[in-house]
Amino acid sequence: MAGPPLVYTPPSYVTNNVLYGVGILFTAVPGTALPSDQNLGVATAWTSLGWAYVGATEAGVTVTFNPSTQDINIEEQPTPVAVIVSTATLQVTCSLSEETLTNVNLAWGNGGSIAVTPAGAGQPGKSVMTLSTNFAAMACAVIGKNQSGYARVLSIPTVMSAGQVQTAYRRAAQQRLYPLTLNATCPFNQISWTDLTAVATS
Amino acid sequence: MTEPAPAAPAAKAAAAAPAPQQQAAPAAAPATGPLSEAEQRTLSGLMARQQAVAGAGEPVRMKVTGSHASLSYGGVTIGTEFTTVPASMVAALTEAAADAGVEITQES
């Protein structure tokens with residue numbers, strides 16, 4: 001006597017959800033407002049509010065979420081009864097390809113100051129960056145394009161630039177690069193992803 | 001908490017006057033359950049703003065004087081015209097200016 005047939009129907013996947021493309025990194029003074037939802041994908045809306053674009057990168061922007069966990073074990077079972085997050089870090093990294101004093105400062109902790117002297121009689125115009133270890137916190141946002149073609153924004157209200165920066169001066173092998181490591185220093189509940197999904201109805 | 005019984009229109013007008021503490025509570029029950037997406041975004045924004053200015057006081061206006069045209073520190077640039085500076089950055093900017101040999105003036 002035959003039973004019902006055994007079928008194999010795997011779930012379908014959505015190739016449209018496979019995303020790629022560069023991320024755009026903006027930084028600003030902590031507390032700087034984000035653009036309105038309508039303008040999250042508009043570069044000038046960001047810059048007009050005081051956000052600064054870091055410019056070209058060598059290999060795009062990388063976001064790394066790295067929690068470390070602590071297992072809670074009991075003798076009576078081999079698997080943990082709970083896994084607790086003990087620490088968690090969120091980093092935004094990239095290698096800055098545009099060598100400006102602003103970018104050098106950003107990579108070197110954002111603690112330096114840049115004084116600009118205009119050109120005058122007998123005085124060439126110049127910008128002088130004075131280094132400091134008083135690293136200044138900043139806000140950052142990473143913008144990418146989502147599967148709808150709209151902006152998807154990762155907003156981190158407070159980060160600090162702290163990472164080893166090594167720049168090679170080569171004749172022709174590659175451009176001078178400034179690795180940037182931004183470490184989130186705010187509570188995770190202040191960090192948000194915003195995904196634009198549809199145009200306003202009016 | 002017990003809700004007051006439905007009131008007549010005249011009684012509602014009277015209720016506009018200062019009421020005892022118990023009646024000052026919102027008529028609607030407080031929302032419960034998880035925050036909506038909009039509420040979460042609003043809360044995140046408010047908390048970020050609060051953290052940015054916590055214990056920092058009011059922003060001040062500063063400008064560069066002397067031979068320099070501008071000074072940048074921590075994402076803030078001060079030019080020769082008065083620029084509003086977050087209070088949390090005033091001390092650091094002042095120190096940075098001193099280190100860089102730049103004269104700055106704070107609006108009093």
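Student: How many residues of chain A are in contact with residues of chain B?

Tutor: Start by asking which residues on each side touch the other chain. In this predicted model, 25 residues of chain A are in contact with 27 residues of chain B.

Student: Which strands of chain A supply residues to that side?

Tutor: Look for the elements that give at least two residues each: here they are β1 (24–28), β5 (113–117), β6 (126–130) and β8 (151–161) of chain A. The largest share comes from β5(A), with 5 residues.

Student: And what kinds of residues does chain A put there: how many are nonpolar, polar or charged?

Tutor: Sort them by type. On the side of chain A that touches chain B you get 13 nonpolar residues, 12 polar ones and no charged ones.

Student: Back to β5(A). Which strand of chain B is it joined to, and do the two run parallel or antiparallel?

Tutor: For strands, check the bridges and then the direction. β5(A) is joined by 4 bridges to β2 of chain B, residues 70–73, and the two run antiparallel. To find the spot in the structure, go to Val116(A): the residue standing opposite is Ser70(B), in β2(B).

Student: Now chain B itself. What pattern does chain B follow along the sequence?

Tutor: Walk along the chain and note each element. You'll read α-α-β-β-β-β-α-β, which gives 3 helices and 5 strands.

Student: Which strands of chain B form an open sheet, and in what order?

Tutor: Order in a sheet is about who sits beside whom. In chain B, 3 strands form an open sheet in the order β4-β1-β5, with antiparallel pairing. The edge strands, β4 (83–85) and β5 (103–106), each pair on one side only. Ignoring direction, neighbouring strands of this sheet are turned by 45° against each other on average.

Student: How many bridges link β1 and β5 in chain B?

Tutor: β1(B), residues 60–65, pairs with β5(B) over 4 bridges, in the antiparallel sense.

Student: Last one: which residues touch the most other members of the largest nonpolar core?

Tutor: The general idea first: in soluble globular proteins, nonpolar side chains tend to be buried together. In this model, the largest nonpolar core has 52 residues, and Leu25(A), Phe26(A), Cys140(A), Leu71(B) and Leu93(B) touch the most other members. Take Cys140(A) as an example: leaving aside neighbours within four places in sequence, Cys140(A) is in contact with residues including Leu25(A), Phe26(A), Ile156(A) and Leu182(A).

Student: What percentage of the residues in chain B is buried?

Tutor: Of the 108 residues in chain B, 23% are buried.

Terms used
Residues are numbered from 1 along each chain as its sequence is written. Chains are lettered from A and ligands numbered from 1 in the order in which they are written. This is a predicted model: local features need pLDDT of at least 70, side-chain atom pairs count only at pLDDT 80 or more; totals for chains, interfaces and linings use all residues. Two residues are in contact if their C-beta atoms, placed from the backbone, lie within 7 Å. Ala, Val, Leu, Ile, Met, Phe, Trp, Tyr, Cys and Pro count as nonpolar, Asp, Glu, Lys and Arg as charged, and the others, Gly among them, as polar. Two strands pair if DSSP finds at least two bridges between them. A residue is buried if 20 or more other C-beta atoms lie within 10 Å of its own, exposed if 12 or fewer, and partly exposed in between; C-beta atoms are placed from the backbone. A nonpolar core is a set of buried Ala, Val, Leu, Ile, Met, Phe, Trp, Tyr and Cys residues joined through C-beta atoms within 7 Å. Axes are lines fitted to C-alpha atoms, for helices over the stretch in contact, and angles run from 0 to 180 degrees between N-to-C directions.
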